[in-house]
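This report describes how the parts of a structure touch one another. The sequence and the structure come first, and the account follows.

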Amino acid sequence: MVFATYFFSPYVFRIYPIFTFYKEYKKKYACNFPKEGSWSSIFLNSHAELDRIVSLIKKRGYALEKREANLLIFVKNSFSKWGTFIFHLGLFLLILAGFMALGFQKRGYVQLIEGDLFSGKHTDFLVSELGIFQKRFDLGFKTYLAHFFHEYWDTGEVKELKSYLLLVDEKGNRYKKVLSVNQPVKFQGINIYQSMNYGYTVSFILEPENQEKIVSHFMLNRATNKPYFEGFFDYPNTKYFFKLLFYPDIEFKSLYLKNPKLFLQIFDGNKMIYEGQMKLGDIIFFDKNRLQFFNVSMWTGLVFVQNVDIYPIYFAFLLSLLGLLLIYLFPYKQLFIKIYDDQIMLSLYVPKFKHLTSYELEILKSEIECLV
Amino acid sequence: MFGINTMSFEIFIYLYGITFIIYFLSFLFYVYNFLFEKDKVLKFAMLLLSLGLIPHGLGILIMWFITGHGPYLTKHEVISSNVWLIIFVFLFLSNRYPGIKRAGLIVSAICLILMMFVFLTTPKIVRTSPTLKSFWLIFHVLFNKLAAATIVLALAFSVLYILKERNEGKSHFYKKLPPLPVLDEYVYRFMSLTFVFWTITIVAGSMWANQAWGSYWSWDPVEVWSLITWLFIGLYLHLRHFLRLRGKRSAYFVILCFIISFLTIFLIPFVVESLHSVYFK
C-alpha cells in the first residue's frame, strides 16, 4: 500500500479522459510541421540537390509523404501507428477466448487398463470439468486401450509414453490411433491427450469362505525415483486394506516387466494381518480367505478435451505479438527537412526513445553533407 | 550419476573455474574504472567479459553434450546459461549503444553473484521428460532467457540513474555516463524489450501447455507468477506512456519489476510445487 501510494499519488488526478487521449494521439501523428519540444532537430550546411537528398533518405527506409518548395516530409514505419490497437485487440480476443473456454469447454479424465474399454459416457469419466454452460460430456465413441508403451532414460526418468488406442464410433467403425505425450490425437472434434499418469495394474481374485469370488484390479503409481510402483487401497466389498509395493523386475531393479515381485501387507482396520511376497500366479491364505495374484498389466491416464477451436486463439496470440513488435521494434518516425537559403534543418519525430534515436540525425547530417 | 563422462565433467569444472576468474577480473576492472576514473581500463573490462564468454559457453556446451539436452532443467544449467546470455546481450547491445558500456559495472556484479549461485549448486544429470519434446520449448526457453537478460540491463540502468542523480558532478565516472534523460530512456528501451520477450515466453508456453496437457492455462504457481511479472512490466510501460512516469520513480519501479521477475525465474520454480517444478529438479 505504501509503495502504491508513493507511486500513484502524484498521478491520481492527472489521468486523461479517454477522448482527450484520442485527441492527443491524433495530434501527435498528424503530419504537421514540428512542434516545439517533441523533436530532435539539427542544422547543416549543404547545397546538394533536393532529389539526391530525397533518394538518400528513401534508401534509409523512409517514404516521402509531402513535398513542397522548401519542405520535405518523410515517414517511416507508418503501419506502426496501428501497433497499440493490434496488440490490445489481440489481448481482447484472448480474454474473449478465455471466457469462451470458461463457458463451453469440456474436459474429462479416465484411467484405462490395457484391454479395457471406455464407454465415452459422461458418467464413466473419473474426473470431468465442464464449462458453466455445459451439462454433459459424452464422447460419442468408445476408446479401447490395446497397449501401453513406456520407455526410460538410463537415469530412470521417463523417456516416452505411448498409448495404442482403438476408437470405435457409433456405427461400429474402428480406427487405430497412437497417442504420445505432446502428440494428441483428434477424433470427431475431440482431442485426446496422453497423461503423464501411468503405472502397473495388479489383479487379484479373493475368495472368502463360502462366498463368491471378488476380482479386483489395483492401479499402482510409480514411486518417485524408485524402481517400484506402490499403492494403498481398500479391497472392494471387504473389510481389508491392501498396501502394495510392486517391483516389475526385482533382479535388475528395472521398470520393465521381467521378473515381477509383489510385497503385500493386508490390514484389517489398523491391524496388519498378513505380510509377505507374491509372484505372479501365487496363492496365499489369510483370515479364512484365499487370494490369488493372477495378472499384471499397464494402466494409463487419458485426457479428453473438447475446446474452443484453436485457430482463433493462435490468431489472437499472433495479433498481440505483431502489435508489440510494431510498437517497440518498428517505431513510427517522421522526418522533416526544411530548406532555408543557406542551411537545411533536419527534424526527427519519434513517439518513443527520442534520445536513443537522435543519433540517426547525426548520421543523416554527415551523409547529406557528403552528397556535395 | 548414471553415464557421466568423468573427463568431460572435469573439463567442464575447469572451464567454469576459469570463467569465474575472468568475470571476477572484469568486475575488478570495472570497479577500478569507477573508483579511479581510468577510462582505458574500461576496454580491458569489456574485453575480459567477452573472453569469459568463451570458456563459459564451452562449459555449457559440454554439459549439453553430457546431459543430452539444452541448459534449461536444473538450477545449475538455468542460472549459468542465463548469465551467459545476460553478458552476451550486454556486449551485443553495447556495440549498438556505446553509451551503455559503463553499465558493465552493475551487469558484471549481478553476473558474479549469479555465478556464485552456480558454484553453490551441484551439476546434476537430469534427462528430458517426454513433455519437453516440443517445438515450443525453444521459443519458451530462449525468450525467457532473453527477457531475463534485458531486465537485468534495465535494472543496471535504473541503478546507474539513481546513483548519477545522487552524485551528479561528484566524480568523473558519473560525468562520463550518458545524461539522465538518456539513462532513463535506456531503462525504458530495455523494459520494452523485456515486455516483448516475456510476452513471447508466455505465448509459447501457453501453446506448449495446450499441446501437452490440452489446456492453455492451468493457473500453475509459475504461470501465475509469470503473469504477475508480465502485468507489472505492462503497468510500467502504461504508467510511462500515459502518466509520464520518469526518472527516479521509474527507476524504483523497474527495480520492483526486477525483483518480481527474479522470483519468477530463479526462485518459484525451484521452491514451490508446480507443474513446472517437475522440470526444475
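Domain bounds come from an automatic or database domain assignment. On that basis, chain B is split into domain 1 (1-128) and domain 2 (130-281). The model is predicted: local features need pLDDT of at least 70 and side-chain atom pairs count only at pLDDT 80 or more, while totals for chains, interfaces and linings use all residues. Residues are numbered from 1 along each chain as its sequence is written, and chains are lettered from A and ligands numbered from 1 in the order in which they are written.

**Within chain B**

The C-alpha centres of domain 1 and domain 2 of chain B are 20 Å apart. Two residues are in contact if their C-beta atoms, placed from the backbone, lie within 7 Å. By this rule, 25 residues of domain 1 of chain B contact 27 residues of domain 2 of chain B. Helices (H or I, at least four residues) and strands (E, at least two) are DSSP runs, numbered from the N terminus. Helix 1 (6-36), helix 3 (75-96) and helix 4 (104-120) of chain B each give two or more residues to the domain 1 side. Helix 3 of chain B has the largest share of that side, nine residues.

**Between chains A and B**

Here 32 residues of chain A contact 32 residues of chain B. On the chain A side, the largest share, seven residues, comes from helix 5 of chain A.

**Residue classes**

Ala, Val, Leu, Ile, Met, Phe, Trp, Tyr, Cys and Pro count as nonpolar, Asp, Glu, Lys and Arg as charged, and the others, Gly among them, as polar.

| Side | Classes |
|---|---|
| Domain 1 of chain B, touching domain 2 of chain B | 15 nonpolar, seven polar, three charged residues |
| Chain A, touching chain B | 20 nonpolar, six polar, six charged residues |
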